[in-house]
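Please look over the sequence and the model before reading on.

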Amino acid sequence: MTDISKSLLFTFTIIISFGLCILYASAELQRFAHSSKHDGALSFLVLGDWGRRGAYNQSLVAFQMGKVGEKLDIDFVVSTGDNFYDNGLTSDHDNAFQESFTKIYTAKSLQNQWYSVLGNHDYRGDAEAQLSPVLREIDSRWLCLRSFIVDSELVEIFFVDTTPFVDEYFTEPPEHKYDWRGIGPQKSYISNLLKDLELALRGSTAKWRIVVGHHAIRSVGHHGDTQELINRLLPILQ
C-alpha cells in the first residue's frame, strides 16, 4: 500500500468515525424544557383515544377538562395517542385536525402546550402528518413526535413510540394498512429507541420520572397485556 493510499484510508476512516458520531448524537431523544410554576409545582392533564370530531362524548369531556384545567391551573396537556379516529389524518391539511382538536378544546385553561405521541390508529393514516410543523402553524399548542422528553425540572416525562413494538401490526394486518415510513427495519428501530430511552432514564436527575406510551404494559381491559412491552420495555423501567 502506497503512502497516498494509506493517507486516503486514514482520512476515509476518520470521516466514517465522525459520521457515526453524528448519527449517534442525532439518535438521542429530543428534549423540550417546560418550566414549572414559581413554587416548583407542576400540574397537567392526561388523555388518550380522543379525536372524534366531538362525537362519542368528546365535546362533553373537553368541557369538563376545561373546568378541571382551570381549577388545577394546569401547565400542559399530555396525549397518549389515537389522536384522530378511525384512521389518523390523511395529510397535514386534513380538516379533521381542527375539527377534532382546535375547535373542541376551546377552554382557556386548555390553550397551553399539548405534548402527544402516536397510537396505532394514528399509524393507519398519514403518521408523519401529525409530526409535521404545518400543524403547529395551524395551532401552536400542538407538538407530536414519535419519542421525546419533556423536562420540567421536578419531573421528566419520557414519551415512547409503542406502536412499532407490537408484532401483529406488521405480521397480521387485517383490513388496516399502517404507515411505517420513518421506522425502517422494526427490530433496529426498537433496539435504538430502547438504548436511547435507557440512556436518558439513567442520566436523569429529576425527582419524578414518568414514561408515556400508547399501549399499556399491563392491563385488565379489553386489549389485555402488551407482551412485547413486557419483554422489552418493562425490564428497562424496572
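In helix 7, the residues Gln186, Tyr189, Ile190, Leu193, Leu194, Asp196, Leu197, Ala200 and Leu201 are buried. Here buried means under 20% relative accessible area, exposed over 50%, and partly exposed in between, with a 1.4 Å probe and protein chains only. Seen down the axis of helix 7, these buried residues fall within an arc of 170°, so they line one face of the helix; the arc is that of the directions from the helix axis to the C-beta atoms. On the other side of helix 7, Lys187, Lys195, Arg202 and Gly203 are exposed.

This is a predicted model, in which local features need pLDDT of at least 70 and side-chain atom pairs count only at pLDDT 80 or more, while totals for chains, interfaces and linings use all residues. Residues are numbered from 1 along each chain as its sequence is written, and side-chain values use heavy atoms, with hydrogens and water left out.

What do the buried residues of helix 7 pack against? Their partners are strand 6 (148–151), strand 7 (155–160), helix 6 (168–171), strand 8 (208–213), helix 8 (227–232) and helix 9 (234–237). Contact means heavy atoms within 4.5 Å. Helix 7 covers residues 186–203, and at 1.5 Å a residue its 18 residues should span 26 Å; the end C-alpha atoms are 26 Å apart, which agrees. The expected span is 1.5 Å times one less than the number of residues.

The chain holds nine helices and eight strands. Helices (H or I, at least four residues) and strands (E, at least two) are DSSP runs, numbered from the N terminus. Of its 238 residues, 46% count as buried. Among contacts between residues at least 6 apart in sequence, 79% join residues at least 24 apart.

Side chains of opposite charge can pair when their charged atoms come close. A salt bridge is counted when a side-chain nitrogen of Lys or Arg lies within 4 Å of a carboxyl oxygen of Asp or Glu.

| Glu156 | Arg31 | 2.6 Å |

Glu156 forms its salt bridge with Arg31. Glu156 lies in strand 7 and Arg31 in strand 1 (residues 30–33), so the pair ties together parts that are 125 residues apart in sequence. Glu156 is buried, at 6% relative accessible area, whereas Arg31 is partly exposed at 43%.

Glu99 is partly exposed at 30%, and Arg53 is partly exposed at 46%.

In the remaining pair of the table, Arg218 is exposed at 56% and Asp225 is partly exposed at 38%. Elsewhere, Asp126, Glu128, Arg146, Asp179 and Arg181 are linked in a network of salt bridges.

The chain exposes about 13,500 Å², of which carbon and sulfur atoms supply 55%. Accessible areas come from the Shrake-Rupley method with a 1.4 Å probe; for residues, only the protein chains shown count as cover.
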